[in-house]
Amino acid sequence: MANAPVSAALASMRLTNRLAFAALLLPGWAWGQTAAPLDLKTAVGTSILSNPGVLAATARWEQAKGRIQEAKSALKPQASVGVGATLFDEPHVFDFGQLTGGGRLPVTILERWNPALYAQVMLPIDLTGTIKAAASQAQFAEIAARTEVEAARNRAALQAKTAYFSALRATAARQNAEASLALAQKRLDAMKRYEQAGVVANFDVLSAARDVSAAEQAVVGARAMEERAVVALNRAMGIDPLTQHELVTGPGELEAPAELKALLAEAYEKRPELK
């Protein structure tokens, strides 16, 4: 009878913790309901295609390639055709009779309206090498721009890989926390049965309940870390931060060494409940 108040308080505490735990886990539970599979290759490719740094570097590279053609075009022949016209107040007339002293002999030199059609062809000759030097400089600038594109792609790929593996670690930590919670709940149930059989004291039940509460808090924290890691991954990919994913790994991406496999097999053999 002396343990009745303690048992009632323990039941009330567990009910409060479970309600709070359910409320905190609800966003995380809804987060993964419609998650789409996402592997490392897709994450890196999406990040490279949408990364602002890569897009800006690619635009500069295209401009640099255009400048090469612009510089080389100065050595090509140039042709031009034009049409013009001149309108005078009156025709230009010269009297050749005044030169000879005879009668009037007017000759029209320029009409009042004088249309003109002209064509021009030029072939540049680079005597000082200025045009070739400009073309060579443009080619070196194109090489530098292409190198910057590769560097930007590498930075985007590294950022995506880092975010992907961080999200993968956070997912594994959440799964580990959930497994620890399941083990703590099993231990609490066992302690309750042992208490009813008179094998353990009520203190052991309280300790098991404390472990369950701690495990529930760990799960909440692990889920929050996982969601933050997924948001960081989405930002690295340049997509909606609230996009949901189910992170998957391709063949050989996370292949464990043979020594680690042997150690894991031995550990699972000794502790089969961890599988």
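## Overall fold

This is a predicted model, and its chain holds 7 helices and 6 strands. Read from the N terminus on, the elements follow the order α-β-α-α-β-β-α-β-β-α-α-β-α.

Of the 275 residues in the chain, 25% are buried.

## Packing of helix 5 with helix 3

Helix 3, which spans residues 52–72, packs with helix 5, which spans residues 130–196, at an angle of about 165 degrees, and their axes are 8 Å apart. Because angles over 145 degrees count as roughly antiparallel, helix 3 and helix 5 are described as roughly antiparallel to each other. The crossing in which helix 3 passes helix 5 is left-handed, and the residues of this contact of helix 3 with helix 5 divide into 15 nonpolar, 3 polar and 8 charged.

## Packing of helix 5 with helix 6

Helix 5 also packs with helix 6, at an angle of about 165 degrees and with the axes 8 Å apart, which makes helix 5 roughly antiparallel to helix 6. Helix 5 passes helix 6 in a crossing that is left-handed, and the residues of the contact of helix 5 with helix 6 comprise 25 nonpolar, 7 polar and 10 charged.

## Nonpolar cores

The largest nonpolar core contains 23 residues, and within this core the residues with the most contacts are Tyr 164, Leu 233 and Leu 247. At least two residues of this core are supplied by each of helix 2 (40–50), helix 3, helix 5 and helix 6 (202–237), and the largest share, 10 residues, comes from helix 5.

Leu 233 illustrates how parts of the chain are brought together here: with its neighbours within four places in sequence left aside, Leu 233 is in contact with Leu 38, Ala 43, Ala 160, Ala 163, Tyr 164, Ala 167 and Leu 247. There is also a second, separate core of 12 residues, and among its members are Ala 184, Met 191, Ala 208 and Val 212.

Ser 47 is a residue of helix 2, and, because its relative accessibility is 0%, Ser 47 counts as buried. When its neighbours within four places in sequence are left aside, Ser 47 is in contact with Ala 156, Ala 160, Ala 236 and Met 237.

Is Thr 86 buried, exposed or partly exposed? Thr 86 lies in strand 2, which runs over residues 78–87, and its relative accessibility of 37% is the reason that Thr 86 counts as partly exposed.

Thr 86 and Trp 113 are 27 residues apart along the chain, and the distance between their C-alpha atoms is 5.9 Å. Trp 113 is also one of the contacts of Thr 86, which, with neighbours within four places in sequence left aside, are Arg 112, Trp 113 and Asn 114.

Notes
Residues numbered from 1 in each chain as written. Predicted model: local features only at pLDDT ≥ 70, side-chain atom pairs only at ≥ 80, totals over all residues. Heavy atoms only, no water. Axes fitted to C-alpha atoms, helices over the stretch in contact; angles between N-to-C directions. Helix = DSSP H or I, 4+ residues; strand = E, 2+ residues; numbered from the N terminus. Parallel < 35°, antiparallel > 145°, perpendicular 65-115°, else oblique. Left-handed = near helix turned anticlockwise from the far one by under 90°. Nonpolar A, V, L, I, M, F, W, Y, C, P; charged D, E, K, R; others polar. Core = buried A, V, L, I, M, F, W, Y, C linked by side-chain atoms within 4.5 Å. Buried < 20%, exposed > 50% of the residue type's maximum accessible area, 1.4 Å probe, protein only. Contact = heavy atoms within 4.5 Å.
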